[in-house]
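Reader: I have a structure open and would like to learn how to read it. Could you take me through a few features, one at a time?

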2 protein chains.
Amino acid sequence: MKGLDFVWEEVKVELDKDSYDILIGPGVLTNVGEDLKNKFPASSYFIISDSNVSDILGEDLLNILKSEGLNTYLLSFPAGEASKNMDTVVSLARDMVKKGADRKSLVLALGGGVTGDIAAFLASIYMRGIRCIQLPTSLLAQVDSSVGGKTGVDIPEGKNLLGTFFQPKRVYCDIGTLASLPRDEFINGMAEVVKYGMIMSRELFEILEGNYPEILNLEPELICKIVTQSCSIKADVVSKDEKEGGLRRILNFGHTVGHAIEAASDYTISHGCAVSIGMVVVSRLAIIKGMFSEDEFIRLKNLLDNLGLPTKVPANSDTKTLIELLYHDKKTIAGKINFVLCPEIGRCFVTDKIDVKEVEEAIDSCR
Amino acid sequence: MKGLDFVWEEVKVELDKDSYDILIGPGVLTNVGEDLKNKFPASSYFIISDSNVSDILGEDLLNILKSEGLNTYLLSFPAGEASKNMDTVVSLARDMVKKGADRKSLVLALGGGVTGDIAAFLASIYMRGIRCIQLPTSLLAQVDSSVGGKTGVDIPEGKNLLGTFFQPKRVYCDIGTLASLPRDEFINGMAEVVKYGMIMSRELFEILEGNYPEILNLEPELICKIVTQSCSIKADVVSKDEKEGGLRRILNFGHTVGHAIEAASDYTISHGCAVSIGMVVVSRLAIIKGMFSEDEFIRLKNLLDNLGLPTKVPANSDTKTLIELLYHDKKTIAGKINFVLCPEIGRCFVTDKIDVKEVEEAIDSCR
């Protein structure tokens with residue numbers, strides 16, 4: 001990274017073909033122009049972001065790329081999950097055609113998870129696929145949705161029902177953007193970071209335990225470290241299971257119950273908060289099964305508390321509703337649910353040998 | 001093919017991964033149930049066809065599969081190129097969700113090129129990709145669009161601008177369906193068969209020359225032979241160039257000029273007729289360049305005439321308009337057009353060393 005006075009962390013995502021790098025650090029966006037120009041020459045660059053991010057960061061990035069002499073356009077769509085549909089994709093595609101996008105153009109997905117999903121899906125089908133680079137700006141997008149190659153949009157019948165597996169050519173995580181976004185969004189993303197610690201890295205978990213005040217203060221070195229470790233874990237899992245055969249299921253730790261909690265709240269509870277509660281519930285379930293210690297359970301709960309994440313099942317989500325939602329999820333095969341359980345902090349396994357009574361008990365004891 | 005009293009021809013499409021077979025013969029559709037049941041078990045089968053084909057063949061196929069005990073649904077959309085858009089795809093996807101389609105479901109694309117493009121695109125993005133089997137019913141779809149893995153829909157700014165590369169698991173070409181479709185559609189498809197002869201097989205060309213009356217009478221053995229040879233040639237080209245690197249361009253013989261003629265007529269001239277005229281124009285161009293003989297040119301023209309295909313540039317397409325359309329095609333790079341020329345029947349090469357004056361002369365001498 002010639003000419004830059006800091007070091008970007010690099011995580012390699014190894015795939016059968018089309019392996020790619022994640023670059024992490026402060027000031028990545030400010031310095032991305034030269035990198036794109038040298039490594040990803042294109043006939044034109046299309047920055048795609050939502051209406052919020054477009055104003056905060058989109059214009060800046062547009063100017064940065066233009067100042068490098070790159071033929072760049074900024075396209076945006078209304079912020080929010082409601083935009084994650086095919087109409088948005090078609091509308092962006094039409095704008096791209098009008099601005100002369102061809103097979104040598106490149107899509108730059110600048111924003112959170114929704115933007116990443118829409119923009120990468122668009123890139124994957126535009127003229128049967130053009131290159132896409134992810135520039136995730138929220139913590140959740142940096143540690144989760146920008147790694148893994150899942151793209152998609154919603155239809156009224158369900159989320160992410162139309163999409164592709166499509167790998168980005170590169171991911172640039174500028175940790176400086178985290179400060180420009182709402183604090184709640186940052187805390188939400190921390191639930192996924194805790195998840196990575198729980199399933200794969202006692203070391204990461206202990207960094208979080210020992211440094212949560214500095215993390216909440218967005219201390220760059222620490223943020224850089226936890227984003228890098230999270231991406232490494234996800235990259236490792238995705239490398240081994242690119243299209244959801246089996247291993248990738250461990251990334252669902254806390255998510256199975258979390259999704260039910262989200263749905264029961266009619267999506268008034270954020271994904272991160274729901275995952276936080278979900279992790280507590282399945283850890284309680286592991287205790288009930290005699291597989292997890294009360295001591296480590298308390299450590300998990302304290303960490304989530306300290307990060308400002310919820311740890312109790314909401315009073316207005318009754319157990320019966322949650323159980324129904326759980327057992328009617330699209331991933332449920334023949335009434336069996338796969339749960340990811342941690343026998344200790346930093347290790348996990350998948351099991352479907354859980355009785356519905358045990359799930360009920362776990363939910364009830366987390367109120 | 002146990003229990004069947006005829007032999008299906010087989011063409012293998014060899015790809016890096018996901019190679020597949022094309023099965024060709026009379027009565028393929030009637031006998032497809034057992035084959036699907038044994039080789040492609042699925043939680044449910046979704047036959048997708050347009051409103052015309054749905055009535056003629058869709059209901060029959062639905063009953064055949066149901067009689068094998070397969071959980072099958074028939075979905076249709078209004079016939080015509082105007083349906084080839086994202087609204088049709090989303091509407092079909094929503095129907096599939098409502099009928100319980102999951103990741104183990106299978107899409108059966110029953111119909112012509114438009115149906116194949118829509119249904120395969122839908123399959124490629126439904127829950128990030130489910131299996132698709134092509135059941136092309138028109139000659140054009142059998143020899144061209146069902147082989148090659150290109151899927152897509154139109155947007156107002158252009159045709160096929162959104163799509164994927166997505167290989168079917170198998171292609172079943174029932175040559176019996178050709179009799180149930182309008183004669184014009186059959187003759188249209190013959191233009192592509194002539195093309196395969198011109199670019200790759202003098203033998204195929206001579207079969208057409210020697211047997212056109214029987215072919216126009218849909219004599220099964222001959223139809224089976226020409227469909228098989230055409231699919232073999234396309235399969236061979238696609239195997240060597242899955243994603244349009246270079247070789248695949250030879251399939252554009254007659255198409256570059258043909259597309260301009262289609263566009264100049266505002267799509268009142270069919271694709272097949274336009275390709276027929278296009279082949280005559282570029283063969284004249286080859287003569288102008290001193291690369292093709294007048295004798296073989298006359299053989300091509302006579303064959304097209306005998307098949308009922310047009311060989312003259314329409315009076316209402318003026319040369320200036322055609323030249324403009326040619327040089328503004330999306331595949332035009334820096335004003336250079338790639339032309340596929342045949343130095344003799346059965347061989348071809350790609351060249352961009354053609355002067356616009358020569359193209360004008362070729363067009364003018366084909367009026």
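**Reading the model**

Author: Let's start with one residue: B:Ser138 counts as buried because its relative accessibility is 5%. Buried means under 20% relative accessible area, exposed over 50%, and partly exposed in between (1.4 Å probe, protein chains only).

Reader: Before we go on, what should I know about the model and its numbering?

Author: This is a predicted model, where local features need pLDDT of at least 70 and side-chain atom pairs count only at pLDDT 80 or more, while totals for chains, interfaces and linings use all residues. Residues are numbered from 1 along each chain as its sequence is written, chains are lettered from A and ligands numbered from 1 in the order in which they are written, and side-chain values use heavy atoms, with hydrogens and water left out.

Reader: Where is the place of B:Ser138, and which residues is B:Ser138 in contact with, leaving aside its neighbours within four places in sequence?

Author: Helices (H or I, at least four residues) and strands (E, at least two) are DSSP runs, numbered from the N terminus. B:Ser138 sits in the loop between strand 6 (131-136) and helix 5 (139-145) of chain B. Contact means heavy atoms within 4.5 Å. Setting aside neighbours within four places in sequence, B:Ser138 has contacts including B:Gly111, B:Leu178 and B:Glu185.

Reader: How do I read a nonpolar core?

Author: Picture a set of buried Ala, Val, Leu, Ile, Met, Phe, Trp, Tyr and Cys residues joined through side-chain atoms within 4.5 Å. In the largest one here, with 78 residues, B:Ile22, B:Met190 and B:Val194 touch the most other members. A second, separate core of 77 residues includes A:Tyr20 and A:Val340.

Reader: And how many residues of chain A are in contact with chain B?

Author: 28 residues of chain A meet 28 residues of chain B. Buried area is the accessible area (1.4 Å probe) that two parts lose on being put together, summed over both. For chain A and chain B that comes to about 2,600 Å², with 64% from carbon and sulfur atoms. A:Ile125, A:Arg128 and A:Glu157 supply 27% of what chain A buries against chain B, more than any other three residues.

Reader: What is the count of salt bridges between chain A and chain B?

Author: A salt bridge puts a side-chain nitrogen of Lys or Arg within 4 Å of a carboxyl oxygen of Asp or Glu. Between chain A and chain B the count is 4. One joins A:Glu157 to B:Lys98, with the closest N and O atoms 3.8 Å apart.
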